[in-house]
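Here is a short report on a protein model. It moves from the contact between chains to single residues.

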Protein chains: 2
Amino acid sequence: MGLVIRNVLGSAGFRRATLMGPVTLKDLAEALGLSITTVSRALAGYNDVAASTRQRVMDAAAQMGYVPDVTARRLQKGRTDTIGFVIPTSGPRFSDPYFSELLAGIGNEAARHNYDLLVSTRTPDTPEEEATYRRLIEGRLVDGLLVVRTRVKDRRLAYLATTGLPFVAFGRSDLEVEFPCVDEDGFRGLELLGQHLIDLGHRRLAFIAAPENLMFGVYRRAGLEAVLQRHELSMPAEYVIVGDLTQRGGYTATNQLLDLSPPPTAVVACNDLMALGAISAVQKSGLVVGRDISITGFDDIPPAEHAHPTLTTMRQPIYDIGRQVCSMLIQLIQGEVLTKRHVLLQPTLIVRESTGPVQDGPHVRPA
Amino acid sequence: MGLVIRNVLGSAGFRRATLMGPVTLKDLAEALGLSITTVSRALAGYNDVAASTRQRVMDAAAQMGYVPDVTARRLQKGRTDTIGFVIPTSGPRFSDPYFSELLAGIGNEAARHNYDLLVSTRTPDTPEEEATYRRLIEGRLVDGLLVVRTRVKDRRLAYLATTGLPFVAFGRSDLEVEFPCVDEDGFRGLELLGQHLIDLGHRRLAFIAAPENLMFGVYRRAGLEAVLQRHELSMPAEYVIVGDLTQRGGYTATNQLLDLSPPPTAVVACNDLMALGAISAVQKSGLVVGRDISITGFDDIPPAEHAHPTLTTMRQPIYDIGRQVCSMLIQLIQGEVLTKRHVLLQPTLIVRESTGPVQDGPHVRPA
DNA sequence: CTTGACTTCCAAAACGGTTTGGAGTATAAT
DNA sequence: ATTATACTCCAAACCGTTTTGGAAGTCAAG
């Protein structure tokens with residue numbers, strides 16, 4: 001980190017960034033007896049400046065510690081080399097590992113292409129969120145936007161579509177707008193999970209759903225219902241509880257489910273966090289997860305494999321999705337044509353300890 | 001989100017942001033027959049423009065959808081109204097809930113003051129990390145920086161101190177530089193945890209340390225050793241294992257500890273994530289956490305109270321620390337004098353199920 | 001000696017705002 | 001009628017770059 005404060009004094013006649021403020025092209029030009037144009041072009045590597053001059057310029061720039069002013073460059077170039085990302089989050093106790101990983105994927109990919117990342121955290125569907133999007137776009141703060149966790153009749157997408165600004169979404173939409181997106185096949189994922197449980201003999205499946213305005217929740221629920229129907233099973237209304245995607249939410253929802261009679265033999269949670277909460281609730285009640293009752297999640301966040309018991313879930317490569325979404329956006333921004341505008345990833349079933357054969361079900365028929 | 005695409009055509013003679021690009025002050029001025037100066041000053045609310053004119057200008061601005069170009073404004077004003085934040089993260093499987101919460105706190109506070117947040121994710125102590133800091137600062141991309149998870153002989157802090165740019169750190173430093181910071185009293189925290197375990201009769205405490213270059217790890221370890229020494233206890237070298245702060249790291253470290261003879265009766269993990277991993281390891285070995293062996297963490301991240309058993313830990317208001325650190329930085333940027341440049345927060349002991357009286361210890365003496 | 005082709009450099013015009021320092025006009029005070 | 005005082009408005013400079021469209025100078029070919 002350049003701890004050596006090299007050249008505080010500089011060579012005679014050469015100023016460095018100090019109290020006088022940062023060194024500008026003008027300073028360099030004056031020190032060298034050249035024009036601003038030439039200095040600029042020398043540093044940019046144009047071939048209409050003599051090799052010897054270029055060398056002089058580069059030496060002086062290093063000497064004086066010249067670093068171009070990014071803002072000025074942006075104004076002139078008409079682009080910001082910045083990507084916007086508004087994280088949907090409500091309240092203080094926000095801690096979905098899901099977003100940490102997504103952010104890491106996005107951030108690293110952005111850095112790889114020399115893009116900056118402008119991040120905001122906003123509560124979904126609030127005036128503040130809307131204002132943030134408007135500001136990022138209309139204030140020309142970003143060259144493109146990443147939209148995550150798409151919603152039913154998503155106003156963000158509808159708005160973005162009218163602006164013409166490049167954007168890529170993580171998640172599909174029910175709107176009549178076409179846009180590039182990456183999504184996991186949640187329908188298929190819950191078919192697989194449901195089938196897995198049915199194979200284990202489960203017939204009374206309960207579902208802890210996502211808030212109903214989230215697209216991914218719609219797909220996942222539909223997938224579960226499809227596979228149940230295929231086996232001529234169905235979930236009574238009281239077996240379906242809408243959760244808030246947090247661990248606490250899964251915990252309280254599961255408590256409700258356990259109070260039913262008969263209680264379900266398997267609880268399908270819409271995401272891992274709620275599944276982890278469900279595990280706690282079951283254990284608190286004295287039952288053994290994986291034997292007395294089976295639990296499944298979705299996402300395969302890191303805690304899933306360290307839970308006790310470990311969690312059966314669908315793996316979704318969140319980090320890579322972050323990278324991919326970001327990569328697609330940058331391609332769009334740079335005017336390239338995407339080879340695939342709509343990517344649907346297949347999640348894979350990870351069977352662990354939280355699911356097991358049904359114990360007391362009427363139709364025990366091991367897989 | 002203004003779904004109504006109002007005025008695509010606009011009123012006669014008024015252009016809106018469309019294919020022609022965004023509306024500028026110049027466009028407004030021409031449409032109104034005024035000078036750019038007057039339009040600018042009208043919108044800025046100066047009192048040297050007639051009320052009627054101001055109204056005309058504001059109407060037209062709304063009509064034509066004028067939004068100022070933030071970049072241009074920044075260049076002129078010489079500030080970016082942006083805060084930088086480099087998140088230390090290594091690799092794909094990064095998911096510390098700690099950072100999600102911190103980010104939420106920072107982001108919300110920044111938004112409250114109309115600051116943008118420029119976020120990068122970089123592996124600590126790498127050339128990339130250094131380059132990122134240099135770029136943010138020397139490229140004048142941010143008005144101030146937030147530094148988190150301070151390190152021993154932290155090069156970031158040493159560098160920042162030479163730049164004169166406002167910054168606030170979450171964590172103290174061993175360097176001879178003074179800077180504003182917020183930190184939790186990790187020393188005191190581990191004294192309390194250690195005392196709690198000693199009170200429960202534990203004598204063989206093991207410690208899963210943080211990487212040795214992290215300042216918070218130094219304080220926490222020293223705190224534990226201090227309380228042990230006060231009771232004329234000590235930890236043999238094999239009872240101290242350096243972990244990587246992840247759940248997996250806590251898991252493997254605990255496996256090593258359990259293989260020792262005699263094994264420890266209590267495992268003190270440097271953070272919650274490792275403590276959760278420790279719980280898994282103990283359970284995997286067939287022992288019961290809280291009875292056969294006690295485990296403690298630090299941070300009180302949300303999963304801590306949903307683990308099974310729930311985790312005894314030190315609570316640290318991470319979200320609020322994020323807010324506070326951000327708030328202090330903004331005060332600094334705006335030239336205000338901080339009432340308190342060094343904030344040391346007292347964490348509180350949260351006793352839950354993962355700790356209990358020692359079973360087979362030689363000196364059983366319940367609290 | 002011209003002419004054309006290169007090479008090397010630069011003045012000036014963007015980019016889209018804000019700010020400075022008047023200028024012009026009406027109104028009020030002398 | 002003259003001077004002072006507001007009140008409105010604006011041209012031009014500025015922020016720090018990049019880019020455009022030459023302008024000199026050199027050199028070899030004709």
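The text below covers the interface, the domains, the salt bridges and one glycine.

**Interface**

The model is predicted. In it, 66 residues of chain B are in contact with 67 residues of chain A. The size of an interface is often given as the accessible area lost when the parts come together. Here the area buried between chain B and chain A is about 6200 Å². Carbon and sulfur atoms give 56% of that area.

Polar pairing also occurs across the interface. The rule finds 19 residue pairs in polar contact between chain B and chain A, both residues at pLDDT 80 or more. Several elements of chain B each supply at least two residues of the side that touches chain A. The helices are H4 (70-77), H5 (97-112), H6 (127-138), H7 (155-163), H10 (247-258) and H11 (272-284). Strand S2 (116-122) belongs to the list too. H5(B) gives the most, with eight residues. By class, the side of chain B that touches chain A has 29 nonpolar, 18 polar and 19 charged residues.

Eight salt bridges cross the interface of chain B and chain A by the rule. One salt bridge joins A:Asp69 and B:Arg140. A network of salt bridges links A:Arg74, A:Asp116 and B:Arg135.

**Domains of chain A**

Chain A is divided into domain 1 (7-68), domain 2 (82-183 + 319-346) and domain 3 (186-316). The C-alpha centres of domain 1 and domain 3 of chain A lie 64 Å apart.

**Salt bridges**

Side chains of opposite charge can pair when their charged atoms come close. A search of the whole structure finds 50 salt bridges over all chains.

| A:Asp69 | B:Arg140 | 3.7 Å |

How accessible are the partners? A:Asp154 is buried, and so is A:Arg156.

B:Asp125 lies in the loop between S2 and H6 of chain B, and B:Arg151 lies in the loop between strand S3 (144-148) and H7, so the pair ties together parts that are 26 residues apart in sequence. B:Asp125 is partly exposed, with a relative accessible area of 45%. B:Arg151 is buried, with a relative accessible area of 3%.

B:Arg315 is partly exposed, at 38%.

**A glycine in helix H8**

B:Gly189 lies in helix H8 (residues 186-199) of chain B. Is B:Gly189 buried or exposed? B:Gly189 has 0% relative accessibility and the cut-off for buried is under 20%, so B:Gly189 counts as buried.

Which residues does B:Gly189 touch, leaving out those up to four places away in sequence? They are B:Phe298, B:Met314 and B:Pro347. B:Gly189 and B:Thr348 are 159 residues apart in sequence. In space, their C-alpha atoms are 7.4 Å apart.

How values were computed
Residues numbered from 1 in each chain as written. Chains lettered and ligands numbered in written order. Predicted model: local features only at pLDDT ≥ 70, side-chain atom pairs only at ≥ 80, totals over all residues. Heavy atoms only, no water. Contact = heavy atoms within 4.5 Å. Buried area = accessible area lost by both parts, 1.4 Å probe. Salt bridge = Lys/Arg side-chain N within 4 Å of Asp/Glu carboxyl O. Polar contact = N/O pair within 3.5 Å; in protein donor to acceptor, adjacent residues only side chain to side chain. Helix = DSSP H or I, 4+ residues; strand = E, 2+ residues; numbered from the N terminus. Nonpolar A, V, L, I, M, F, W, Y, C, P; charged D, E, K, R; others polar. Domains from an automatic or database assignment. Buried < 20%, exposed > 50% of the residue type's maximum accessible area, 1.4 Å probe, protein only.
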